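I opened my notebook for a look through this fold. Here is what I looked up, entry by entry.

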Amino acid sequence: MNHNLEQIKQDYQNIKVPDSLKQKMEDSIKQAKSDMEREKIPARPGRRRNALFQSWVARGCAGVAVAALLLTILVNASAPIAYAMEQIPVLGAVVKVVNFREYKQQNGQMEANIKVPQVRVGDENGEVMEHASRALNGRIQDYTDELIAAYEADVKASGGEGTQAVDLDYEVVTDNERLFSLQFHQTVTMAGASQSEKIYHIDKQTGNMVTLKDLFEEGTDYQALISENIKQQMKEQMEQDDSKSYYLEMDTEEWNFQEIAQDVDFYVNDSGRLVIVFDEYEVAPGYMGVVSFEIPTEVVEPVVKEGYLGD
C-alpha cells in the first residue's frame, strides 16, 4: 500500500503540465486579481454585496475548471490514479460490456458474423457480482450458441452449397438509474431477409435479471392493459397510413393479435417510457419488419412498480 502511494506521488510530481494549461491557469489568476481590484471600487449601496458574491462565484468556477483540467491530466497520465478512481463506489449496480468475441465463418456462399459480448455486473463498492454476471453471460452464451449451432447445421445440411448470411449485433438500449438492457439484432438472409430481436435486462438495485412481469405489481393484469393500448395504436396507424398492416380483425381468428406474452421483448427508452418490441412476422406481415410500440406511462401507471418508468 505504501509503495502504491509513493508511486502515485511520484507520478503526480513527474506530470508535465502542458503550456496551454499553464496559460489557462495564468489567465484565471489574472482574472481573479482583476476582480479583486474592482471590488475595491466604491459601489452604490445595495450593489456591493451582489458584486462580491458574483466575484466569488467567478473565482470559484475558475478554480473548479482548473481542478477539472488537472484531474483529467492525472487520470490519463497515471495508471494507479485511474485505477483508484475506478474503485470509487457508486449507488446501485454498474453493468458494463467489457469485451466480446466474434464468431466468423465463411463456407462458400454461406457466412456467419455473430458478436458475443461479455458483461460485468458490479455492486456499489465496485466489486464484481459473480452470480449476476454469470446469469446474464450464461443467457447470452445460450442464445448465441443456439444461433451458431443452427448455422453450422444448415451448412452441413446443404453440403456447403447453400446461400445464407447470419448476422448478430448488439447495443445497450437502456442504461438508467434502475435498468440496464442489452438488445441483440439478428438478421438471417437467404432468398430474403428475416429479422428478430432479443433483449436482456438487469435490475441495478438488485443485480438480478428481470422480465416484463417483474416491472409490475404481482397479481395485476398488466398484459391486458398493454395489449389493449397496442391494438388501439395498430388501428390508428392503419387508419392514417394505408401502407401499414397488422394482424388485427382478420378473417382467420388465429392470426389476430390477442395479447402480449409474459416474455415479450421490451425496453425503457430515454423518455422513461415502456417500449414493446415484436419480431418480423409476429404481429404484422414481413414487409413491416421488426415493429415496436411506445406505451404511454399513464396506461400502466396504476400497476407498475415505482422506479421503473418515468413520468
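How many aromatic pairs does a search of the whole structure find? I got 11 of them, where rings of Phe, Tyr and Trp (its six-membered ring) pair if their centres lie within 6.5 Å, and planes under 30 degrees apart count as stacked, over 60 as edge-to-face and the rest as tilted.

**Ground rules.** My model is predicted, so I kept local features to pLDDT of at least 70 and side-chain atom pairs to pLDDT 80 or more, while totals for chains, interfaces and linings use all residues. I number residues from 1 along each chain as its sequence is written, and side-chain values use heavy atoms, with hydrogens and water left out.

**First pair.** I looked up Y143 and Y200: their ring centres are 6.3 Å apart and their planes sit at 70 degrees, so this pair is edge-to-face. Y143 belongs to helix α5 and Y200 to strand β5, so the pair ties together parts 57 residues apart in sequence. Helices (H or I, at least four residues) and strands (E, at least two) are DSSP runs, numbered from the N terminus. I also found both Y143 and Y200 buried, meaning under 20% relative accessible area with a 1.4 Å probe, protein chains only.

**Second pair.** Y246 and F293 make a tilted pair, with 5.6 Å from centre to centre and 50 degrees between the planes. Here Y246 is in the loop between α6 and β6, F293 is in strand β8, and the two are 47 residues apart. Both Y246 and F293 are buried.

Next I traced an open sheet of 5 strands in the order β1-β2-β3-β4-β5, with mixed pairing; strands pair if DSSP finds at least two bridges between them. Its edge strands are β1 (94-107) and β5 (193-203), each pairing on one side only. Between β2 and β3, which run parallel, I noted 6 bridges.

**Whole chain.** My last entry: the protein chain has 7 helices and 8 strands, and buried residues make up 35% of its 311 residues.

Notes: Buried < 20%, exposed > 50% of the residue type's maximum accessible area, 1.4 Å probe, protein only.
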